[in-house]
Every structure is written in C-alpha cells, then in structure tokens.
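Biologist: Hi, I'm new to this one. Could you walk me through it?
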Amino acid sequence: MKKLLVMLVALGLAATARAADKKYVIGMSQCNLGEPWRVQMNADVKRAAEKHPNIEVIYKDAQNDTLKQVSQIREFIASKVDLLIVSPKEAVPLTPPVSEAYKAGIPVIVLDRKVTGSDFTEFIGADNKKIGRHLGQWVVKTLGGKGNVVELKGLMTSTPGQDRDSGFREGIKGSDIKIVFEADMKWLEPNARKEMESALATNPHIDLVYGHNDPGAHGAYLAAKAAGREGEMKFVGIDGLPQEGQAYVRQGILSASFEYPTGGDVAIEKALEVLSGKQIPKEIVLDSRVFTKDNVDSGGEWLK
Amino acid sequence: MRETLETQHEAELAEVERRRDGLKPLLNFLQRPWVRALAPLVLVLIIGVVFNAHRAFYAWGTHRDMLRQVSVYGILACGLTLVIITGGIDLSVGSLLGFTAVLFAQVSIHQAWPALPAVLVVLVAGSACGLVSGELISRFRMQPFIATLAMMVFARGLAKTISGGEKVSQAVLLPDGSPKYLDLPRVFSVIDSKVLGGHLAVVSIIFFACVAVCWVLLGKLRWGRYLYATGGNEDSARLSGIPIHRVKLLAYGLSGLMAAVAGICQAVQEQQGDPEAGNGYELTAIAIVVMGGTSLNGGRGGMLFTLLGAAIIGYLEKILSINAVPEAFRLMLTGGIVVAAVLFQKVRK
C-alpha cells in the first residue's frame, strides 16, 4: 500500500514537472485509416512525434467520410490545438474548414492531397506522375527497351490512379514496350489476381506486370504462380511500405517497389519549425526511393 | 359479303390458333422450371462464345479460374440461401468474412497454431456471430435487415480491432522498425492449391462441399422442411409446432459458419488477413442467390439454384475480364445483362 502511494506521488510529481515545459498539442486529421498506406502515415507521425516529449498528437479518423472530416477539423479548432495536420479526403469540401483554422491563427500542414486556395501553412506531398515516370523509365531499362507489359491500374476515377498511369506512359514513350493487357483492379489485391488470370489466359508471353500499388502486383504474382508462369515475368509495384512492398522485394516476389512516401515524419519536423517561429516554404514535394533486392536492406535508392 | 368477311375472319383466327399450337411445344418447353432456371446461364455462355477473347474462353483454365474466383462468393451464398428461404436476410456475411480471415491469419501465421485448431476456432467464431444475429432476430424480434446490418458494422470493427487496422501477413514489423518474416503455414498452400492434375482449385471443391451439405439439409432433412415452412408462412409454421426460434438460429448460425469458411478461403488466397476483406461481398452473394431463382420473399428456392446463380455471376465477370472491358462499361453491362437474364427467366405465356 505504501509502495503504491509512493508511486502515485511520484507519478503526480512527474506530471507536474512535464506540464512546466511549454507543451504543444497537435491535431492530426486523417481521412481514412482503412488503407494500410494511411495507417503507415499515422505510424510515421507517431514515431517522429515520440522523439519530442514537448508535443502531444491527437488523432482523428474520418473513416473515409468527407463530412465527418469537416466536423473533426472544426472540433480541433474549437479545442484550440496549437497546430493542425490534415490529410484531406477531397480538396474542395475540405477547403473551408482548413481555411477557418488558418484564419483562426492555427498553423495548418496539409498532407498528401491538396486543398484549394492558399489558406494553409504548408503542403507536403509526393508526385505520383513523377513516380510513374521513373517506374516507366526503370521498366524500359530493365527490359532492354522492348517487351509485353500488363498494367493493373488503381481506381481510374482517382487522381493517384490517373497519374500513375499517365506518368508510366510518359516514361515508356519512344520504346518498344507494349501494354498488352490493362484492367482496373481498384487498388484491391483479390481483383488484381482475377484480372491477372485473364491476362495470363489471353497472353502467351508477358515480360512484366506493373501494379499501381504493391498489393496489386502481389496479387498478380499469386495468379502467375498458380499458373506456373511466375518465372516468365517480373513484377513491379508502387508504395514501398515496410510490411508490403519492401517485404515483397526482400522475399523476391517483386523486382522493384517504388516508394510513395507518406510524409508523416516530415510533417512533424516542419510542425516543430513552425511552432518555434521559423518560416517554412508553402509547398514541399517529397522525394521517393526505389527498393530493389540489392538496395532494400540499405534503405533503397533515392530517385532524382 | 358479310358472310365472306366472317368466314375470312374465322379462317384468320384458326390460322392464329394453328400457329400458336405450333409454338405450344416450344412455349411449354420454355416454361419448364429447369429450363427457365438454366436460360440465363445459356445466355451468358452464348455471350462468352461470341466474345471468346482469341479463344481464351475455350481453354479449361479460364473455367477453372472462374470457379475459383466465384467460390468465396458462392460459399457466402450457400449460407445466405438458407437465411433467405426462411424469409430473412444476412447483410453481415461480408464483414464476417473479413473478421474470420483476420482471425485465421492471426492464429495460424502469427501464433503458429496447427491447422486443425486454427480452423476450428475460426469456424466457431463465425458461427457464434451468426448465432448472435439469429438470437437478436428470433428472441428480440429485430428485423433481420437491422440485426444483421448491426452485425455487419460490428464485425468490421472487430476485424480492425484485432488486426490493429493493418493486414495480418508474414511480414511483421518489430518495435524498432525492422521487419521480420514468419513462415507461411502449410494449410495456406494446401487450400490455395489445385487438384485433379491442376484442373480444379481446392477452394472450388470446398464450395461444392458447402453446396452439397446445404442441399442435403434443405432437400433431405426435417430441419430443411422447417426452413421452407418458416419462410412460407411463419404463423402457420408456428401453429403446426415448428420450433421457429431454433430454425432461425440454425439458419443464421450456418450463415455465420459459411462466412467463416469463406474467410479462411479468402485468407489463404491472399496469403494474409485483410481487415477490409469482403467489403461489399454480401451484395454479390445475395445477387447469386436471387439470380438462381430463390425468392427474396422466402419459402421458395434451393441450393441448385444458387449453384446456377454462382455460375451465371462467375461467367459474367470472367467474360468481361478476359475481354479487358473497361470498368465503366463493365458496370453498365453487368447491370444490363443481369436484367436481361432475369427477364429471360420470367418468360410467360
């Protein structure tokens, strides 16, 4: 009993001691934690934030609902957080609440997807088109300028899907790479496996499969393996998450995975700069890496 | 003059009559229940023959893959058939699939349990969820739609909770961020393999087994007749002494069990447990049941109809896929062909 009392007192003292420093509260509004990539974004924010005892991050998940995210941002404004990190679901409907926060004097860092106008402190995001172009050039180089490629696309009504497609096509322009089969697998692995089975049924020879995300490329691999044809072709994907793309590359399933960085760690770094009164640029385009069997253990290779 | 007209008219009538008599055998043929049930499948197969994607439609591999792809939906549809025959609906099967897939991946990949206990625990968990729905519906008189909608949301949350929101796979991140790889249990490669010289996927055999079990229940056992009686007219079924409460528990419990079987099949095919797996699958499964000819009003239908429905939906998807039809057209064509097929099924005199 005595021990418990001592412990409680010690805890209380520790708490008051910590409260003595200036502590910042950061609100993190995530649009959807149903996607592994966004789970990773929150994990990156968390890992970076843990290194700084003077910040506390409060997380809210809008569960892929635009209106829910709007009200969650307003809740953050009402509770007067010191800084807001928003990864919006869509640009237009989320512009007003972000702007309200900014005008109320709360610095706002917008992550991954943009909002319209300029009422925010900084936008941090990666460039899907550029990554697609790099991937296309890598394919041209790896296949020696010609070959049959299957493209399993992400949801084609989404901007990332469109950019990963158009960037790739820019990258392979002028080569003899032929896209022999393309289908929309809507980012989902089971769909990718289905579509790949059709690609295998209609194409006697395939040199490479490009999945707009790593799970898609992995689904294609499983289909090719079931058909006994996985040795015939290479598999490439985008995202490069540690448990997905990087893991598949290590296991020899994917030849390469192109990182689509979450920017979660950069956001915390920039948040600290803003909170300490520094000026930061309005926009940062994140660099991304390519992971291949040779470099995955040393952290990948940066794309120029 | 008038007489001639009348005779002419009579002659015309007789001619029409004669023609109709000539058509009668054909109409009678089209009226037969099994012809009406098979007609949409034939229609879809004709589309496949016409659009055979450079003869890919004629390769057995295409049909084998179709059977594999539709199996998970088909297994869900087996359980749903029982529920729909009692006049109910089970919207939770897709979420239960996600929950059981995650659970199976967790116990067998992460905890490295042997196959048998892992499978058993997952089947029990699925059945338990189904029984909860059944209890809510029969004891607490909740609408099946509401009770299973609640279970659908709850089970999705459960899947996300036990998985921590991430896919449960061989790759595990250690606290310091470095990855570790676990072995894929043998049960995964066994269920996701092919038999008969590579001509049939094991998951398809599991699907056929589920159809067989439900067929025996519905067609041969007393409890099967109870299911029909409950769906046909619940009040008279109760008056004639049928234990409605237990009949419903049986239907929803088996639906949960089937969802767990489907969850295991999904997990082995993806080599992971995805908490988002099965999102929207309940709609495809309901479509399979209804396309076959089982009535959503309850009391009428059967397992062979569901098998047929699975073949129709499976072939439709496969044909659109081998022809690489763009997504937007695919959706429109699927809607159109489903309507055409059902209308075809309803040919009447």
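Modeller: One term to begin with: two strands pair if DSSP finds at least two bridges between them. Strands (E, at least two residues) and helices (H or I, at least four) are DSSP runs, numbered from the N terminus. This is a predicted model, where local features need pLDDT of at least 70, side-chain atom pairs count only at pLDDT 80 or more, and totals for chains, interfaces and linings use all residues. Residues are numbered from 1 along each chain as its sequence is written, while chains are lettered from A and ligands numbered from 1 in the order in which they are written.

Biologist: OK, how many bridges join β1(A) to β3(A)?
Modeller: Five, and the two strands run parallel; β3(A) covers residues 83-87. One of the pairs there is A:Gly27 with A:Leu84.

Biologist: And which way do β1(A) and β2(A) pair?
Modeller: In the parallel sense, over seven bridges. A:Ser29 has A:Lys60 of β2(A) as its bridge partner.

Biologist: How many residues of chain B are in contact with chain A?
Modeller: 22 residues of chain B, against 22 of chain A (contact is C-beta atoms, placed from the backbone, within 7 Å). α3(B) gives the most to that side of chain B, with four residues.

Definitions and conventions:
Two residues are in contact if their C-beta atoms, placed from the backbone, lie within 7 Å.
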